[in-house]
Amino acid sequence: MENQSLTCETKDGVLVIQIHPVKTREDVVQLSSELRDLCADILLSADIHVVVLTGAEENAFSIDPEKVSPGSEDDPFQAAGVGSLAEPISRLDVPLLAALHGDALGQGLELALACDLRIASEDSRFGLTQVKTGVIPWDGGTQRLSRLVGKARAMEMILTGEVIDAREALRMGLVSRFVPSGEVMTTVMGLAREMASRAPIALKYAKETICKGMDMTLEQGLRLEADLYFLLHTTRDRTEGIQAFRNKRTPTFEGK
């Protein structure tokens, strides 16, 4: 069945996912369902090494909390996991880059926060504005923003519903960089292709070490890092990397 809320294209190991604008609760549920199915396929694919998430239109990551907030207690949107956009993509084990054109507000920002890197246009704005409508961020925003920018700054943004510009987002570490509007996809795809040219298993292990290590003690994180490092020595890609270096050629990684 053809997707209604997103479109996909894969080239050279990079999967580009374009999400369509979300305007209603039904749109959120539909996008959530399609993301779940797509991410399940990505986890089983040996050909996708990097994922880029972007909008089919400007401001596609701007989701008005007043229009998509759950209604009554009987609303099916309230069911556990239903309507989550961040949860499906947070399970991906490959690097995930968000290319942000325009505003990332409400649940759209929560979706972007679940990505590993965020590259934004210079005119982008960011905010978790749910408190203004009498609710709170519920799709991981309270947890991911505080881990990313620190407790104090996250408190201020969430408790006031503040909207910040790209310069402030960069200063506080919410985005990796901002570039002129017309250069966002060029910049992101350059990074994605560079990552996709690396050893796929090493990419996954590096991401796993960083993400899991954030919730571990330093000692536990160092042990995980060492374990995955030694596991990489058993892969064909590690052998290929050594041989390519000795022969002064570009390695050809197989993800094995």
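Modeller: Gladly! Let us begin with contact, which means heavy atoms within 4.5 Å. Leaving aside neighbours within four places in sequence, Asp 103 is in contact with Asn 59, Phe 61, Ser 62, Asp 123, Ser 124 and Arg 125. Before we go on, some ground rules: this is a predicted model, where local features need pLDDT of at least 70, side-chain atom pairs count only at pLDDT 80 or more, and totals for chains, interfaces and linings use all residues. Residues are numbered from 1 along each chain as its sequence is written, and side-chain values use heavy atoms, with hydrogens and water left out.

Colleague: Where is Asp 103 found, and is Asp 103 buried or exposed?

Modeller: Buried means under 20% relative accessible area, exposed means over 50%, and partly exposed lies in between (1.4 Å probe, protein chains only). Asp 103 has a relative accessible area of 13%, so it is buried. It is found in the loop between strand 5 and strand 6 (104-106). Helices (H or I, at least four residues) and strands (E, at least two) are DSSP runs, numbered from the N terminus.

Colleague: Which side chain makes a polar contact with that of Asp 103?

Modeller: A polar contact is a pair of N or O atoms within 3.5 Å; within protein, one must be able to donate a hydrogen and the other to accept it, and residues adjacent in sequence count only if both atoms are side-chain atoms. Here the partner is Arg 125, at 2.9 Å.

Colleague: How should I read the sheet?

Modeller: Strands of a sheet pair through backbone hydrogen bonds, either parallel or antiparallel. Two strands pair if DSSP finds at least two bridges between them. This open sheet has six strands in the order 1-2-3-5-7-10, with mixed pairing. Its edge strands, strand 1 (6-11) and strand 10 (177-179), each pair on one side only.

Colleague: How many bridges join strand 3 to strand 5, and strand 5 to strand 7?

Modeller: Strand 3 (residues 50-55) and strand 5 (residues 96-100) run parallel and are joined by four bridges; Leu 53 has Ala 98 in strand 5 as its bridge partner. Four bridges also join strand 5 to strand 7, again running parallel, and Leu 100 stands opposite Ala 120 in strand 7. Three bridges then link strand 7 to strand 10, which run parallel, with Arg 177 in strand 10 as the bridge partner of Ile 119.

Colleague: Why is strand 7 largely enclosed by the rest of the structure?

Modeller: Strand 7 (residues 117-121) is largely enclosed because four of its five residues are buried.

Colleague: And what counts as a nonpolar core?

Modeller: It is a set of buried Ala, Val, Leu, Ile, Met, Phe, Trp, Tyr and Cys residues joined through side-chain atoms within 4.5 Å. The largest one has 47 residues, and those touching the most other members are Ile 17, Val 51, Leu 53, Ile 89, Phe 126, Leu 145 and Leu 174. Helix 1 (residues 25-44) gives the largest share of this core, six residues. A second, separate core has 16 residues, including Val 16 and Met 189.
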